[in-house]
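Student: I have just opened this one and would like to get my bearings. Could we go through it together?

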Amino acid sequence: MTLSSPAIPRGPTLVERLPRGSVLLVPALLFLLLFYVYPLAQLIGASLPGGSGKNYALIFSRPVFLRVIAETFRVSLVVMAVTVLVAFPYAYAMANAGRRALLFLTIALLIPFWVSLLLRSFSWIVLLQNTGLVNQVLLGLGLIETPLKLIRTEIGVILGMVHVLLPYAVLPLYSVMKKIDMRLMEASSICGASWFHGFRRVYLPMALPGVLAAAILTFTLALGFYITPALLGSPRDMMIAQMIAGQFSEQLNFGLGAALAVVLMGLTALAFALFGLGRVLLARRAAA
Amino acid sequence: MQKTLWSTLLVGACVLTAGAALAETTLTVSSYGGGYQEAQDKAYFAPFAAAHPEITIRQDSPSSNAKLKAMVESGAVDWDIMVTDDSFGLDSDAEWLEPIDYTIVNRDKFIPGTAGTYRIASDIEATVLAYNAAEFSTAPQGYKDFFDLEKFPGMRAVWKYAPSGIFETALLADGVPADKLYPLDVERALKKLDTIKDHIVWWDTGAQSEQLLDSGEASMGLVWVGRAVSGAEQGIKIDWTQWTSQTGFWVVPKGTKNREAAMKALEFFTEPAQQIAFTQYMPYGPSNKTAVAGVSETFKGNLPTDHLDNRVLMDADWWAKNGADVDMRFQEWLLE
Amino acid sequence: MMTDRLRKTLFWAFVCATALFLLVPTLIIVPMSFSAGSRLVFPPEGVSLRWYGKVLSDPDWRAALGNSLLVGSATAVLASALGTAAAMMLNTASFRGKALVLGFLLSPMVTPVIVFGVGSYLVFARWGLAGTHAGLIAAHTVLAIPFVLVSVLASLRMVNPNLALASAGLGASRLFTFRRVTLPLILPGVISGAVFAFITSWDEVVVAMFVANTGTRTVPIMIWNQVRTSLDPATAAVGAILIAVSAIGVVLSYTLKESDR
């Protein structure tokens, strides 16, 4: 087996010091270069027809595009906050539960994880429509007199998105929390600190890396949501992914659609960079 | 073990493709889904397949002018026939469509004005004001009432499509006389629409409009008459005071591999027997001159042709020229 | 001042409510798929299998099921081969930029699918892959490789590297060592990676929307079209079939993992 394969798509320094077995990596790398990197690169090319930046100029000058981008940010932030707030106690429960409770909580978390997002959005339509289960229950309890309008509203979009993203927030939180030594909390309460004080001063700082990971993962994934807002939102709740799809399949303006896709890619990368920065800062503080 | 795996996969692939290989030609037809497409299946597709065992008809939905254009543009045309609306299939759409082959299709059988270079009419339709009778004590009358939230509270179901007649409806409700509609005052129409914007729930497909009215999510809607009629059991009624007329057209995308079979199918779909059968399932008028006399009695009183005096005619030529600009403005307005 | 007990009760009530929130919308379509009525309401109007009958006898749904199975299986095979090979290398080697390579291989997980979908759409039309099974398989494999990689890497970490060294020391070729020593040890990881890869493709809709055509459309595409045209229990029946297939896969892979321990 030769190791000097010229097809390695990395810089020369890497080729010189190729580690053993590198040839095993080549098929996957080549495959991704061809079917993943190349299409994304083509997208950048298509967004700059003849090297002109007119599509980007359009995006950043027309209020309609800026509004959709701002809306995407706002919805993603709200979804991130709600998801992390709901995920935190859930992960805490998992980290401190007995065997059987842990099993139940894990199953409840993983079943939706493996059921398609499309089906779950479909279920939400059925649950939230005027004659749906949620309105039936509320009407039956006498809490409301006329059915609440829940689908084709922002509430519908947020519920649907939180539902999809919850496992992505719980898992990183859980992996951090299960390593936290609960005896520290006990110690703080023995020292006379209130539960809340102990939680805030002892537990929360240790759980912070998990919170950060959960927040960034949910936020970046939320930025690219398409199916859920398309099915549960109204035209006014449009997110950037829907606009990209619309440019490609309805308006047939591929250049503009490609430019919007590049903007979305950029925003996602930026969010991840911020996450990296946050991790570095946290690590520094822990070291200091 | 690996060999067995591969051969299993291969056999599986063969079984899957074998079904398709039996028939010589597969024609893919795209329509608007729901009861409309089921009626077409019963009246057109199934009889055609029975008469031509060598041709299989595969159905898709929903129809979309944009999707057809995207297919032609990318060179991957997999629809052979599509049902479309008045705004598409004009001579200005030549780059997307195959001309109708009038050596196969008989042009003389059509009602005047319904057979063009690139399209032939399948049926004469109407967009009507439909309402849920249980919601109101008095029946709404005309477009003014559609915009009257006080007398007629509740949500309005409207097609999210600029040339759907919504601009005409808004202007008529705002007092523009029917003969002075064109050129459309787009901004005036949008200003009128602003007054009910929070009470509009948009639909993309006919089946959705039906669902919105049936479930009570919308108390009123501008919907295709076929959808309104099929909601009769759920208490959906039609107000015929004002209505816009629409036509369903057959078109054939440019670059289809089955052009000749598609033309043959279109000739078959527009024959009197098939068109008369269609009127048993849908309250739409036929486009074939000889079929007009034989329409089924099933929907008497709710056929667009029973209410020709109240019809608002849409100007297809104006829309062909201005459609793209109006649509851009409409999309922006939706997000405002 | 809140007592400890009250706080605990409230806490567990919240956690249980969250579990319900996770489960109910996921599973509610299963009972609804057995409805005898034609409206999608809960509780369903009577019990019947009519919607399953309707779906399974409809040639369009059957073609879509065939497409989904074909594309899903091929994706599983291709992604497991590529992902397992890459994981083998990444597990043993240490080199500069390894984190970068790993990050790159995992990045399809977080790239917005819509962006990847429209990118593939642009390129595939030119390559003649638009609307083909091959195109769909290639695109789904990109999305599935990270899952295989994660799963196989986790398995590899539990394998004692000395076993491979011992095998090599006894004169076995590297291929022989892989087939007879390493592969049997990591097989559960490879299989669960393959299952994840299959499910990734089985549920995927956004990329398929742009890559598939009427002839190659998969079940999720049919559901997407269906949901937008009408809501009827047939969609719930298809959904329940999708869930059942995913569940079989997940149970299979977990059982393998458990028996391995």
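Student: How far apart are the end C-alpha atoms of residues 69-275 of chain A?

Tutor: Keep in mind that we are looking at a predicted model. The UniProt record, an unreviewed entry, places the feature "domain: ABC transmembrane type-1" at residues 69-275 of chain A. That span is 78% helix and 0% strand. Its end C-alpha atoms are separated by 20 Å.

Student: Chain A also touches chain C. Which helix of chain A gives the most to the side that touches chain C?

Tutor: Let's begin with the contact itself: 62 residues of chain A meet 59 residues of chain C. Sorted by class, the chain A side has 48 nonpolar, 11 polar and three charged residues. The helix that gives the most, with 12 residues, spans residues 26-47 of chain A and is called H2.

Student: And towards chain B, which helix of chain A supplies the largest share of the touching side?

Tutor: Here 13 residues of chain A are in contact with 14 residues of chain B. The chain A side is made of five nonpolar, four polar and four charged residues. Its largest share is three residues, and they come from the helix at residues 63-96 of chain A, H4.

Student: Let's move to chain B. What is its radius of gyration, and what does the globule rule give for 336 residues?

Tutor: Chain B has 12 helices and 10 strands. Its radius of gyration is close to the value from the globule rule, so chain B is as compact as a globular protein of that length. Along the principal axes, the C-alpha trace spans about 70 × 55 × 40 Å. The two values you asked for are 22 Å for chain B and 20 Å from the rule.

Student: Among contacts in chain B between residues at least 6 apart in sequence, what percentage join residues at least 24 apart?

Tutor: As background, buried residues make up 47% of the 336 residues in chain B. For the contacts, we take those between residues at least 6 apart in sequence and ask which of them join residues at least 24 apart. That share is 73%.

Student: Why is strand E4 of chain B described as largely enclosed by the rest of the structure?

Tutor: Strand E4 covers residues 120-132 of chain B, and a residue is called buried if 20 or more other C-beta atoms lie within 10 Å of its own. E4(B) is largely enclosed because most of its 13 residues pass that test. The number buried is 12.

Student: How many bridges join E4(B) to strand E8 of chain B?

Tutor: Let's look at E4(B) and its partners. With strand E9 (residues 285-286) of chain B it pairs in the antiparallel sense over two bridges, and B:Asp123 has B:Pro286 as its partner there. With strand E7 (residues 220-224) of chain B, E4(B) is also antiparallel, over five bridges. To E8(B), residues 236-251, E4(B) runs antiparallel too, and the bridges number 11.

Student: Which residue of E8(B) is the bridge partner of B:Thr127?

Tutor: B:Thr127 stands opposite B:Trp224 in E7(B). Elsewhere along the E8(B) pairing, B:Asn132 stands opposite B:Ile236. For B:Thr127, the partner in E8(B) is B:Thr244.

Student: Which residues are buried on each side of strand E3 of chain B?

Tutor: In a regular strand, side chains alternate between the two faces of the sheet. Strand E3, residues 81-84 of chain B, has both faces covered. On one side the buried residues are B:Ile81 and B:Val83, and on the other they are B:Met82 and B:Thr84.

Student: Which residue in E8(B) stands opposite B:Val83?

Tutor: E3(B) pairs in the parallel sense with strand E1 (residues 25-30) of chain B over two bridges, where B:Ser30 stands opposite B:Met82. Three bridges join E3(B) to E8(B) in an antiparallel arrangement, and B:Thr84 has B:Phe249 as its partner. Opposite B:Val83 stands B:Trp250.

Student: One more about E8(B): which residue of strand E10 of chain B is the bridge partner of B:Trp243?

Tutor: E8(B) is mostly covered, with 13 of its 16 residues buried. Two bridges join E8(B) to strand E10 (residues 311-312) of chain B, and these strands run parallel. The partner of B:Trp243 in E10(B) is B:Arg311.

Terms used
Residues numbered from 1 in each chain as written. Chains lettered and ligands numbered in written order. Predicted model: local features only at pLDDT ≥ 70, side-chain atom pairs only at ≥ 80, totals over all residues. Contact = placed C-beta atoms within 7 Å. Helix = DSSP H or I, 4+ residues; strand = E, 2+ residues; numbered from the N terminus. Nonpolar A, V, L, I, M, F, W, Y, C, P; charged D, E, K, R; others polar. UniProt positions renumbered as here; feature names shortened; annotations may be inferred. Pairing = 2+ DSSP bridges. Rg over C-alpha atoms; globule rule 2.2 N^0.38 Å.
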